[in-house]
Amino acid sequence: MASFLRTLSLLVLALASSACANLNFYSDEDLEPLSAQAYEEATKEHGVVPSGKDYEMVQEVARRIAMAADEDFHWEARLLKADDVPNAFCLPNGRIAIYTGILPLTKNPDGLAVVMGHEVAHAVLRHGGKRMTQGLLTGAGLAAIEAGLGIAEMNNEAKNGVMAALGMGAEVTLTLPFSRGHESEADELGLRYAIRAGYNPNEAPLLWERMAQLGGSGTPEWLSTHPSSERRAAELRAMIPRLQEEEKNWKPKAKKAP
Ligand SMILES: [Zn+2]
């Protein structure tokens, strides 16, 4: 029995190690209802901006980034009314949210394309399911999913855990950070998407430098756990020429007939 327990704990340790950051026990189908419900929760909490210049910009950038990502997702983009929340996310299966509070930082469509590309890359790389697999989700969240509960039926702890694991609040409020490895993957793939979609990738390092200046008195938590914005800006700057070269002949796949 003792040796069985030891074997079991070794197995758990192995599963928890960073080497397993790419293990994913959750299928797209598993995550679909949670993604749909989390999107409605966020919408209910903040309300949407239904029209206007910023709304149009979000729709246009989302359409072009979605085409660049070339995934058969249920694409949708909402601009959420939250001037004090500098955040954005893309839930599994392509549900994008941009908070009005991030627009002063993204500044222009190129900056928005960089942020959206990054968030969409997290979804395409299935980082939500991988984080749930890594056990980063709270026990309450896991238990609720096992029990087949919908988000509306979960208690607050479980609900927040699931929504954070799926990618909400990951960049700025950061209740649950993506790992450094996942961040680097999303930075590179997201920048590819922005390039494919015809946006200016040179906005990426500038955007992260603006994010760094967001620090000061009310330093957002992500600054303490994320790679330094200066380092991130330098890494992005260094990869731009290679990505532009690799993506210069990129063409969207022919869409299936409806
Ligand atoms: Zn990220």
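How many residues lie between β2 and β3 in their hairpin, and which residue in the turn has a positive phi?

## The hairpin

Three residues separate β2 from β3 in the hairpin, and Asn93 in the turn has a positive phi of about 75 degrees. Strands here are DSSP runs of E with at least two residues, and helices are runs of H or I with at least four; both are numbered from the N terminus. β2 and β3 run antiparallel, joined by four bridges. Ala88 stands opposite Ile98 in β3.

## Basis of the model

This is a predicted model: local features need pLDDT of at least 70, side-chain atom pairs count only at pLDDT 80 or more, and totals for chains, interfaces and linings use all residues. Residues are numbered from 1 along each chain as its sequence is written, and side-chain values use heavy atoms, with hydrogens and water left out.

## The sheet

The sheet is open and has three strands in the order β1-β3-β2, with mixed pairing. Two strands pair if DSSP finds at least two bridges between them. β1 (76-80) and β2 (88-91) are the edge strands; each has a single partner, so one side of each lacks a neighbour in the sheet. Neighbouring strands are turned by 15 degrees against each other on average, direction ignored.

β1 and β3 (residues 95-99) run parallel, joined by five bridges. Glu76 stands opposite Arg95 in β3. Ala77 stands opposite Ile96 in β3.

## Burial of β3

Five of the five residues of β3 are buried, so the strand is largely enclosed by the rest of the structure. Buried means under 20% relative accessible area, computed with a 1.4 Å probe on protein chains only. In a regular strand the side chains alternate between the two faces of the sheet. Both faces of β3 are covered: Arg95, Ala97 and Tyr99 are buried on one side, Ile96 and Ile98 on the other.

Contact means heavy atoms within 4.5 Å. Axes are lines fitted to C-alpha atoms, for helices over the stretch in contact, and angles run from 0 to 180 degrees between N-to-C directions.

Helix α5 (residues 109-124) lies across β2 and β3, at about 35 degrees to β2. Its 16 residues reach 21 Å from first C-alpha to last, close to the expected 22 Å. That expected span is 1.5 Å times one less than the number of residues. α5 is mostly covered, with 14 of its 16 residues buried. Arg126 follows α5 and has a positive phi, near 55 degrees.

Technical notes. Buried < 20%, exposed > 50% of the residue type's maximum accessible area, 1.4 Å probe, protein only.
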